[in-house]
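Hi there,

Here is the structure I promised to pass on to you. Have a look at it first, and then read on for what turned up.

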Amino acid sequence: MQKPKQHGYFRRFMADYGIVLALVLLCVYFSAVTYTEQQPTGAAGGAQLAAEIARQTPAGARMLIAVRGSRDDAAFADALGAGLEASGRTVVETVKGEPVDARRALERVTQAGGRLDVIACSQAAGKWSVFDNLATRFPALASVQVRVPRGYRGSNFLKADNLLNVANQIAVIAIVAIGMTLVIITGGIDLSVGSLIALSAVVSTLLIQKYAGAEQAGSGGMLLASLGGVALCGVVGLFSGAMVTLFRIPAFIVTLAMMLVASGLAFMIAQGQSIYQVPDSFIWLGRGADLGMPRAVWLMLGLYVLAHFLMMRTQPGRYVYAVGSNPEAARLSGIPTGRTLLWVYALSGALAGLGGIVMASQLKSGSPTYGQMYELYVIAAVVVGGTSLAGGEGRVFGTLIGAFIIAVIQNGMNLTGVESYTQKVILGLVILGAVMLDMLKRRGWRLGGQAK
């Protein structure tokens with residue numbers, strides 16, 4: 001007699017926490033399969049190597065630092081040099097370049113009659129052949145040690161930079177998915193969001209170029225131009241909502257048409273070219289960070305908190321659920337179904353426009369090619385997040401988790417070397433699986449017919 005009750009507990013648990021459990025299991029899986037030998041890099045790697053050398057060499061020991069010319073290696077060399085100098089070691093010369101530069105530095109040291117105790121290198125520079133057989137090429141440096149950072153075992157997936165990259169990459173999709181969640185809860189769909197991303201990016205950057213001063217544009221001009229792009233996309237969304245509400249045209253057809261219209265407008269306005277004439281400060285939103293987290297991610301989280309409050313604590317949010325559950329009953333109950341659909345589609349368009357601003361800021365340009373296939377990723381995030389395509393059911397925080405599930409799958413497949421076409425197959429199966437689970441849940445988890 002206890003079995004049905006136990007099954008009921010299990011179903012409720014999976015309905016409430018299953019998606020979170022799926023995200024956790026994915027993170028655990030990709031953490032395990034990307035657990036490999038790691039090499040410290042950047043400033044952290046330089047500081048680590050400096051501490052190791054300081055423990056193993058006497059004060060006054062003479063060092064040569066050799067790294068490649070990349071930005072990451074330059075940070076490594078700067079931190080390494082600062083750490084060695086602070087510990088009382090002498091940095092004779094720092095090489096940031098190629099093996100030939102290191103050879104010339106060694107020649108200068110030997111010709112000056114100087115001595116070296118340690119050659120401190122990044123992992124890549126330590127493999128340069130110029131440091132092989134030093135005793136033969138530079139007899140005076142026969143006793144020099146070549147030191148590189150000590151490796152350790154860890155997960156590529158769990159690296160802080162990778163996790164922040166996952167969050168930053170999903171920001172645009174997650175922002176757009178808020179509006180899509182509301183649309184799908186009403187029983188509709190919005191296929192135009194990908195094209196609206198491109199339209200917003202093109203319009204905002206063009207306004208900056210033409211009317212705000214291009215590369216010399218101030219923050220006020222960039223803000224107004226960005227608001228112009230968002231507002232235009234909101235108007236397009238409002239038009240889609242009007243077609244659905246007033247003329248009873250299926251949302252699939254309306255938004256498919258607007259997808260083509262918005263994409264065509266973006267190409268016409270930009271004349272098929274990317275728009276780069278924006279100031280360096282335009283990247284403030286897309287590439288900037290506060291408290292160690294990208295500003296785009298802060299914006300995304302703030303919008304989800306507001307959307308959750310809207311849907312759970314306000315009358316308009318309850319209207320959205322009512323319209324999706326039973327439009328006719330909602331109308332007979334006095335709920336303004338037409339007005340609800342209008343603002344939901346307008347909000348979806350505006351959020352797609354905001355996603356376009358974030359993308360333009362990340363890439364410091366506007367292009368009519370932005371947002372391609374994004375409507376599919378957005379819908380995938382919403383469906384995987386537990387929103388029912390039949391309408392009337394869904395949560396915005398579920399969509400956020402769904403967006404992260406999609407991002408973690410893609411990132412994990414990239415880290416493990418899965419080909420891009422295989423990734424599409426897997427993503428399609430994930431979407432299909434999410435829809436099947438939704439159908440089973442609506443049927444009471446039975447494979448045949450409706451639940452009794």
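Let me start with a strand pair: strand 2 (residues 62-67) and strand 4 (residues 118-121) run parallel to each other and are joined by four bridges. Within that pairing, I65 sits opposite A120 of strand 4. Please keep in mind throughout that this is a predicted model.

The pair belongs to an open sheet of four parallel strands, and their order across the sheet is 3-2-4-5. Which strands stand at the edges? They are strand 3 (90-96) and strand 5 (145-147); each has a single partner strand, so one side of each has no neighbour in the sheet. On average, neighbouring strands here are turned by 20° against each other, if direction is ignored. Helix 3 (residues 71-86) packs on this sheet and touches strand 2, strand 3 and strand 4. The direction of helix 3 makes about 170° with that of strand 2.

Now for the overall picture. The protein chain holds 17 helices and eight strands. It is divided into domain 1, covering 42-150, and domain 2, covering 160-442. How far apart do the C-alpha centres of the two domains lie? The separation between the centres of domain 1 and domain 2 is 50 Å. The radius of gyration of the protein chain is 28 Å, whereas a compact globule of 452 residues would come out near 22 Å. Along the principal axes, the C-alpha atoms fill a box of roughly 95 × 70 × 35 Å. Of the 452 residues, 46% are buried. If you take the contacts between residues at least 6 apart in sequence, 79% of them join residues at least 24 apart.

Helix 11 (residues 295-313) and helix 16 (residues 396-415) pack with their axes 8 Å apart, at an angle of about 145°. From helix 11, the contact takes in M300, L301, Y304, V305, A307, H308 and M311. On the helix 16 side, these meet V396, F397, T399, L400 and F404. What kinds of residue make up this contact between helix 11 and helix 16? The tally is 10 nonpolar, two polar and no charged.

Finally, a few single residues.

- L224 lies in helix 8 (residues 219-246). Is L224 buried or exposed? L224 counts as exposed because its relative accessible area is 62%, and the cut-off for exposed is over 50%. The C-alpha atom of L224 is 8.7 Å from that of A212, and the two residues are 12 apart along the chain.
- N133 is placed in the loop between strand 4 and helix 5 (134-137). The phi angle of N133 is near 55°, which is a positive value in a residue other than glycine. With a relative accessible area of 57%, N133 is exposed.
- R248 is in the loop that lies between helix 8 and helix 9 (251-270). Phi of R248 is also near 55°, again positive in a residue other than glycine. The relative accessibility of R248 is 66%, so R248 counts as exposed.

Happy browsing, and do write back with any questions.

Best wishes

Definitions and conventions. Residues numbered from 1 in each chain as written. Predicted model: local features only at pLDDT ≥ 70, side-chain atom pairs only at ≥ 80, totals over all residues. Heavy atoms only, no water. Helix = DSSP H or I, 4+ residues; strand = E, 2+ residues; numbered from the N terminus. Buried < 20%, exposed > 50% of the residue type's maximum accessible area, 1.4 Å probe, protein only. Axes fitted to C-alpha atoms, helices over the stretch in contact; angles between N-to-C directions. Contact = heavy atoms within 4.5 Å. Nonpolar A, V, L, I, M, F, W, Y, C, P; charged D, E, K, R; others polar. Domains from an automatic or database assignment. Pairing = 2+ DSSP bridges. Rg over C-alpha atoms; globule rule 2.2 N^0.38 Å.
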